Amino acid sequence: MSEILPAVRLDGVRKAFRSRGKPRSLYRTLTAWLGRGADADATLLALDGLHFTVAPGERVGVIGDNGAGKTTLLRTIAGLYRPSAGQVEVRGEIALVTGLGIGMLDELSVEDNIYLYGAINGMSREELAERIDEIVEWAELARFRTARLKTLSTGMRSRLAFSAVRHVDAEVYLMDEVLSAGDRNFKVKCEAVFAAFKGNGRTFVVTSHDMEFVKKFCDKALWLRNGRQMAYGEPAQVIEQYTAQRG
Amino acid sequence: MRASRRRKYWNLLREITVAQYRSKDQHTFFGFAWGFLHPLLLLGVLYFFFRNWAGQSIEHYGLYLLIALVHFTHFSNSTGASMMVLYHSRALTCNTVLPKEVLVIGTVLSKTPEFAISMAICVAIAGFTGVWSGWTLLLLPLIVVLQVLLVLWVSLLLSAAYVFVKDIEHVYQVFLRLLFLVTPTFYSPDFLGDTLARYVVVLNPLAQLIGYTRAVILRDAPVPVVLIGLLLIANAALIVAALAFFKRLEPLFAENV
């Protein structure tokens, strides 16, 4: 019997950043290269020895306080950050959603932004043309189809972005706190979408502060603290450990 | 699968290009027209100051100046905007898995219609003012393509380097001023005599392109087609090299931008 390869595998992954985080000047670049810069070795450890696998079709919720390394983890899995040590393996096409509406432009219309945002997230114009009516309907923005994006509220933009991103076709979805945007109505609609995602065979790694969502939607939970993997396993148990630690 | 990826890549490039083109100069009163007003204003100033000096022995000096300014403005605006696109669009650079060169290529392409229209305006002015233009004008699109290729590889190199070293912005501003001086915009190359500056001008690719455009629009003079072909190949090779450099650095963009 052939072994099923994991969709995502992290093996001893560490990620360190330059702690000052300032833009590099020519002087700082040269001194860093020469190894005698004031901050040549000053680093901040954002991920520290992560080791876990996600099976194809599995849904993992990443929990932890702000600054725990959740977004860094998603960016590292997506290949946007190169691990300082260890290995990251991903099988399949990735869809990364960190912040709804990234890339949308205020000066363009709602419709133009759907095509732009869809393309940024890997959708073809044909796919979007077929679904554009449904996208604006779901977002409750049919009346604003030709309006400029800048006339929409933040909540409306989030609805529009999520409505478009629901149609992205990928094997591995990496989502960063998408439920934190918008009002109660938006959250309910999003949860319905996630419920529909269940059992579609796609792999999800989702960060969230909403423990109920993680319990309902995820097969596993990963708790991060200061970049360290505190627990990985059944959501209810991991959440219990996390909340107990918080007091 | 591969064909589908390629289709999505081209779709993404088209959407980024169109979005950048449409959202450009939206906040200004003259909007899109600034692309033409900028070289025209510069033309007015240079014509006023140099007409009786450097321009004395040059026929159709106004048009001679305009052609160079259209080339130079396109080069400086396109490379300047592309250099900073990864930084200005850092939300995209840091949070999306799209191939980042698309942002640079999209910026370059979004500035191309303006350049092509400005060139067409130069040709129209040549026609209206009785400057004789002939069949050599058919080579003009090739020169436009050459300029876009030149801008593209320069932009790929600059944008990747700018992520790591922000000082490049200031160094590049100085470079552009120097480039303006070593490009025969308001003077003729003959004006330099047999000095070292003359050889600098010969090695300046922008000066070459301006020379070709002037030849086909102002003099109906034949341009070395073989040389243009070689330049096309050389620029295409430089794009491949610049793209390889860009892709090599791409995994480091998100954490350094």
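A salt bridge here is a side-chain nitrogen of Lys or Arg within 4 Å of a carboxyl oxygen of Asp or Glu. By that rule, the interface of chain B and chain A in this predicted model has three salt bridges.

**Stop 1: the interface.** Select E255(B) and K15(A): they form a salt bridge, with 2.6 Å between the closest N and O atoms. Now widen the view to the whole contact, which takes 33 residues from chain B and 35 residues from chain A. About 2,900 Å² is buried between the two chains, and carbon and sulfur atoms give 56% of that area.

Then show helix 1 of chain B, which brings 11 residues, the largest share of the side of chain B that touches chain A. By class, that side has 14 nonpolar, eight polar and 11 charged residues.

**Stop 2: the second largest cavity.** Strand 5 of chain A gives three residues, the largest share of the lining, and the lining has no charged residues.

**Stop 3: the largest cavity.** Finish with H74(B), K111(B) and E114(B), which are among the lining residues here. This cavity has a volume of about 90 Å³. Show helix 3 of chain B as well: it gives the most to the lining, with five residues.

Technical notes
Residues numbered from 1 in each chain as written. Chains lettered and ligands numbered in written order. Predicted model: local features only at pLDDT ≥ 70, side-chain atom pairs only at ≥ 80, totals over all residues. Heavy atoms only, no water. Contact = heavy atoms within 4.5 Å. Buried area = accessible area lost by both parts, 1.4 Å probe. Helix = DSSP H or I, 4+ residues; strand = E, 2+ residues; numbered from the N terminus. Nonpolar A, V, L, I, M, F, W, Y, C, P; charged D, E, K, R; others polar. 1 Å grid on protein atoms, 1.4 Å probe; cavity = no way out; pocket = protein on both sides within 12 Å on 5 of 7 lines; lining within 4 Å. Points joined across faces, edges and corners; volume = space filled by probe spheres on them.
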